[in-house]
Amino acid sequence: MKIDKKTRRQIIELIVIAGIVLWCVFNYKIFFHIINYVIKLIMPLIVGIAIAFIINVLMKLIEVKWFKVDKRKNKKLIRALSLTISLVIIFGAIGLVLFLIIPEFIEAIASIIKNISNIDWSSGIASKIENIFPGIKEYIKNINVQSMLNSTLGSTKDIVTTIVSVLSGMASKIFLIFMGIIIAIYILADKENLVRQTKKLLKAFLPDEKVNELGNIVKLTNKTFSSFITGQCLDAILTGFEFFVILSIIKIPYALILGVLFSVTALIPYIGGFITLAIGAILVSVSNPINALWYLIVFIVVQQFDNNFTYPKIVGNAVGLPALWALVAVLIGGSISGFAGMIVSIPLASVLYTLLKDFVNKKIDDKKQK
């Protein structure tokens, strides 16, 4: 039996792929070590692409709505202006929020410490604990605090090493974000050429049919992520502002901090609200426990208004993911990448859900035609 060139090539490809898979299975530790090393190596690029994608949403809006880029010839100047305005708006908003929040946050911490130190029912609690656990006061008096600190923190050298490690970790994170911003600026400044070069590279190594399929997946991903980020951010800002205004009207303390916290956690669907509820209830109940009840009422009202009116109107069906799978996606994303994973998981799961749905429908249609 004679084997043609195409079949021979496919057999060779299968053998090579099978060999690679077997090597990865039997040397999984080395394989994961290589993967981790590669991810660390390209992490600035990954962060840069993520930042570029977020900035591009605003930059594209400015180009189309403000400068009418499709009707202008000088696109390079418009791109530079749109990119600069986008950066000023984003980082200006972040700086303004921090400028407003940091003084109130310091005041909140000082107020909490003061209120805790002035609690007059602590002696009653202590006496009840003494009745349940006789001799606990004497045990507490005999605790050697210095010995505990030494055993917990170790020597001075260990403490210095820990502090240096924490500071170096923070510095590396800041440097990573800084490099990501620089890479994002370069990507956005010449994104059309990068897209064209990527298409050309894919066409050189893949069949045209596969290139078109990848192009459709990229378009779907871009549309889903853009719609989600735009709608989610707008919804988070509006609901956070509503929350802040209502708390300010009924004179609940730390309204600004809680409003910003509501906006930030609103970016995490389904789970973010519980974070705001727990932190806020603890924060407002320190000065006056009755505030926690009013805070809970306001939170439920704003949350229900958002779930039933604001969120459907703003975000709408842009994501198109059933609630159950959205919740599963948030939990998985959070376990893998924390806060960022929770945010990205929804649009990513939506893309996978859409692709799977189209694939299943295509298979069903093919069966019906046979």
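**Fold, cores and surface of the predicted model**

Of the 370 residues of the protein, 24% count as buried (buried, under 20% relative accessible area; exposed, over 50%; partly exposed, in between; 1.4 Å probe, protein chains only). The model is predicted: local features need pLDDT of at least 70, side-chain atom pairs count only at pLDDT 80 or more, and totals for chains, interfaces and linings use all residues. Residues are numbered from 1 along each chain as its sequence is written, and side-chain values use heavy atoms, with hydrogens and water left out.

The protein contains 13 helices and 0 strands. Helices (H or I, at least four residues) and strands (E, at least two) are DSSP runs, numbered from the N terminus. Contacts (heavy atoms within 4.5 Å) were split by sequence separation. Among those with a separation of 6 or more, 68% join residues 24 or more positions apart.

The largest nonpolar core has 16 residues. Such a core is a set of buried Ala, Val, Leu, Ile, Met, Phe, Trp, Tyr and Cys residues joined through side-chain atoms within 4.5 Å. F243, L247, L258, V284 and Y295 have the most contacts inside this core. At least two core residues come from each of α9 (208-249), α10 (255-265), α11 (272-285) and α12 (289-314). Helix α12 gives the most, with 5 residues. Beyond its neighbours within four places in sequence, V284 touches I252, P253, L258, N291, A292 and Y295. A second, separate core holds 10 residues, including I51, I55, I181 and A184.

The protein exposes about 26,500 Å², of which carbon and sulfur atoms supply 71%. Accessible areas come from the Shrake-Rupley method with a 1.4 Å probe; for residues, only the protein chains shown count as cover. A nonpolar surface patch is formed by W23, I30, I34, I35, Y37, V38, I39, L41, I42, L45, I46 and I49, with about 1,100 Å² of accessible area together. Patch residues have over 30% relative accessible area and no salt bridge; nonpolar side chains (Val, Leu, Ile, Met, Phe, Trp, Tyr) are joined within 5 Å, like charges within 9 Å. A salt bridge is a side-chain nitrogen of Lys or Arg within 4 Å of a carboxyl oxygen of Asp or Glu. Helix α2 (residues 28-66) gives the most to the patch, with 11 residues. Y37 lies in α2. Y37 counts as exposed because its relative accessible area is 52%.

Cysteines were also examined. The whole structure has 0 disulfides (pairs of cysteine sulfur atoms within 2.5 Å). C24 is buried, at 17% relative accessible area, whereas C233 is partly exposed, at 34%.
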